[in-house]
Amino acid sequence: MAHIQAQIDRSLLNPLFDNYKLADSQPPVHVPLPSPLNLSVLHQTSTAATPFRILELFGRSNLLVPCPSAAASQAPAAADAAANVVYLDDTRCLVHAQLPPVSHASPDPAAVRFTRLHALPAGSPSPSPLQAASPARPPIVLPPSIVFVDIPTDGPTSRVVMLVSDGGIHSSYAVEAFSFCPATLQTTHLATIQVAHSPLAVCEGSMVLDAVESNGELLVCVLQAMPAIKGDNHSQQRTLPPVRFALSLVRVHLPVHVAGDSALPTKSVLGDVLLTLVGDSAPFFARIEAEDLALCISAPTPFEPLRSQSTRDHKQLDSNGNVQAKAIEPPAPTSAASATTTTEATAEPAASAEPAPPPYAWTQTGDEVTIVVSLPEPSAKQDIRVVFQHNTISAKCLRRDATYIAGTLFDSIHPADCLWTLEDGRRLTLYLEKTNSDMRWTHVFEHDDGVLESLEPGVLAEYLERLEKYQGGAGIRGTDGGDGSSMAVDQDTSLGGPGHMEFQTVTERQENVDFEGASMVLMRAALSHGDGAAGHAMVTHQSTMPGMSWLGGSLDRAARRVGGRLMVFMVQSDVDAIVFELHMGMRLQHTATVCALGFVQASKRDKKLVCLTDDKELAFVLESKQYLYAYERPLARESSAKQFVVDLAGHGHAAGPGGPSLVLGIAQTGHRRVCVLQQGSLALVDL
């Protein structure tokens, strides 16, 4: 495996940049939708029962997709002559919106034309084996997705195949394929693609991330959720989150050479899963390299190959067109030591068995209580969430949806004077400031959990010495400015011990404050054999992007791959946003810098998306309810640039019964125009 290092071009940085200056912008033009989007119907998911990673994926999903136009397919330079977008409504129907040309000074809402293209086929849902075995458990549903694929033809224009998934509401496996004519908007259902997996990966939900044409076939990248399985091989080795994600490269034999002919009969097609990668978090993006049968992906945590083989040999479709799959069986014991029967396993433990270690260690002084938690796996600072309240504390890992310590305390504390540290990614230390300094705690929590005060005095002295050195240099205690803002500072090895220690204060006032961008891993996986018949997946390239964190991608109006370019995305490095182009073969190129965007986006609340126009001139921070912030990319050696603030809820156009309606997506529809999808309207924004 090759380790790739992302190189920053210092000539593209601007040390002279000082600030953004607020500029006037036109108010958005709101166009009412034919029918408002009811999220409870659209998502079919419960906040209380849905794993955090699924909610996180919904939160950063873009549900508005730019649609190929007839003018753009004939002459890409004329792409601004007409702009089109498409989305999936509550009735599982594809809705097309044709927007007025950008040349219009102020768009007329009456000039926007909505067309219902096609409803997704109805039929009997096909539950996953896990859901069939546990019908009381609600199925996992992923966000809806739409991807367009250009199909080369012998004529002057190409034909288009549209792949659509409702996220798994109808079927745990299905992806619908349509032919689409941009000139006439004629949409014809071609087939229902069933995505099957080996018994090692029983999945729920479906989301299409990318698709390309290759030698008369379609290669499709599909994301699915993998609920935790009792008896999974991995679960015997480590604690798994409630849900993992399977990212698959699927080969589909569709009659794409005749796409657009209405005479084709509707049928179910079984997709051939060439390779599958499994990870603990949903990817930020995934792109297909058709020539090498490879996937380039970026995610908060690494993906690992699943033992992969062609599914066409051992999966069949039943008479209803659904995939026949077997339920997961617990793995057989692999050794005599593990072949213990259930009766033997429940027998009395041997006298030599050692008791499980306590979940934490703690000690106290007159003013403070110190709690040390050893984490089961290395964790990043941005994955740890610690909340101090007057009578309770909680510490959890968001990425694994695991709670390390939580409960009502023995006595009250001062939340603003409490802090926590993470050292070497494994040792989490909580420093609690007592409200009553003369009160000696007999245990940490209100109800005695049996954990005695046992932290060694020498270890406590070491912690306090490090804390005093840090506070003496940075003054962390009491420096939150009274506004609830948090701070996090890296400490070098001069303070003792290997690695680094990270400090952060969190109180109940800070629940809605966004922290730094998410950590990211960039990797490429491919089949070891090009034909996919007997190959297996292997990771060929990987980069952990040290010192960088994910911000967002580009709003490409055309899905074409230009010059081998797969993706344009932004990462935060220091205070700036670094724009990288990802090319085939995992080649990274730094092409632009948006000065201070990494700093300013961290202060925005309720962020949904951070994105960039296809010409890299404007960067956006889109909130989930009310505001769209736009920043012009400063030219070389400029000390300032323009900032625009657009109120998407102005004049009550986007307001719902409970206040501003949620923002569901954004698409670039012109040189300096974007279209924002809200629950009740499309907002056209010119900058």
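Which strands make up the open sheet of 4 strands, and in what order do they lie? The order is β4-β5-β6-β7, and the pairing is antiparallel. Strands here are DSSP runs of E, at least two residues, and helices are runs of H or I, at least four residues, both numbered from the N terminus. Two strands pair if DSSP finds at least two bridges between them.

A word on the model before I go on. It is predicted: local features need pLDDT of at least 70, side-chain atom pairs count only at pLDDT 80 or more, and totals for chains, interfaces and linings use all residues. Residues are numbered from 1 along each chain as its sequence is written, and side-chain values use heavy atoms, with hydrogens and water left out.

Strand β6 (residues 93-99) runs antiparallel to β7, over 6 bridges. Leu 94 has His 118 in β7 as its bridge partner.

Now the whole chain. There are 7 helices and 45 strands. Of the 687 residues, 52% are buried. Buried means under 20% relative accessible area; exposed is over 50%, and partly exposed is in between (1.4 Å probe, protein chains only). The chain exposes about 29,900 Å², and carbon and sulfur atoms supply 52% of that area. Areas come from the Shrake-Rupley method with a 1.4 Å probe; for residues, only the protein chains shown count as cover. Contact means heavy atoms within 4.5 Å. Take the contacts between residues at least 6 apart in sequence: 63% of them join residues at least 24 apart.

Inside the order, β17 (residues 294-299) and β31 (residues 521-527) pair in the antiparallel sense over 6 bridges. Ala 294 has Ala 526 in β31 as its bridge partner.

Then a hairpin. β21 and β22 form it, with 3 residues between them. β21 and β22 (residues 368-374) pair antiparallel over 4 bridges. Gln 364 is bridged to Val 369 in β22. Look at both faces of β21 (residues 361-364): Ala 361 and Thr 363 are buried on one side, Trp 362 and Gln 364 on the other.

On to cavities. A cavity is a set of points on a 1 Å grid over the protein atoms alone, where a 1.4 Å probe fits but cannot get out; lining residues have an atom within 4 Å of a point. The count is 6 cavities of 30 Å³ or more. Volume is the space filled by probe spheres set on the points, which are joined across faces, edges and corners.

What lines the largest cavity? It has 11 lining residues, with Leu 63, Tyr 87, Leu 88, Pro 144 and Ile 146 nearest its centre. β5 (83-88) and β8 (145-151) are the elements that give two or more residues to this lining. The lining divides into 9 nonpolar, 2 polar and no charged residues. Nonpolar covers Ala, Val, Leu, Ile, Met, Phe, Trp, Tyr, Cys and Pro; charged covers Asp, Glu, Lys and Arg; the others, Gly among them, are polar.

Last, two backbone angles. Most residues other than glycine have a negative phi. Leu 185 has a positive one, near 65 degrees. Leu 185 lies in the loop between β10 (174-180) and β11 (187-195), and is buried at 19% relative accessible area. Ala 596 also has a positive phi, near 60 degrees. Ala 596 lies in the loop between β36 (587-594) and α7 (597-601), and is buried at 15%.

Conventions: On a 1 Å grid over the protein atoms alone, a cavity is a set of points where a 1.4 Å probe fits but cannot get out, and a pocket is an open set with protein on both sides within 12 Å along at least five of seven lines; lining residues have an atom within 4 Å of a point.
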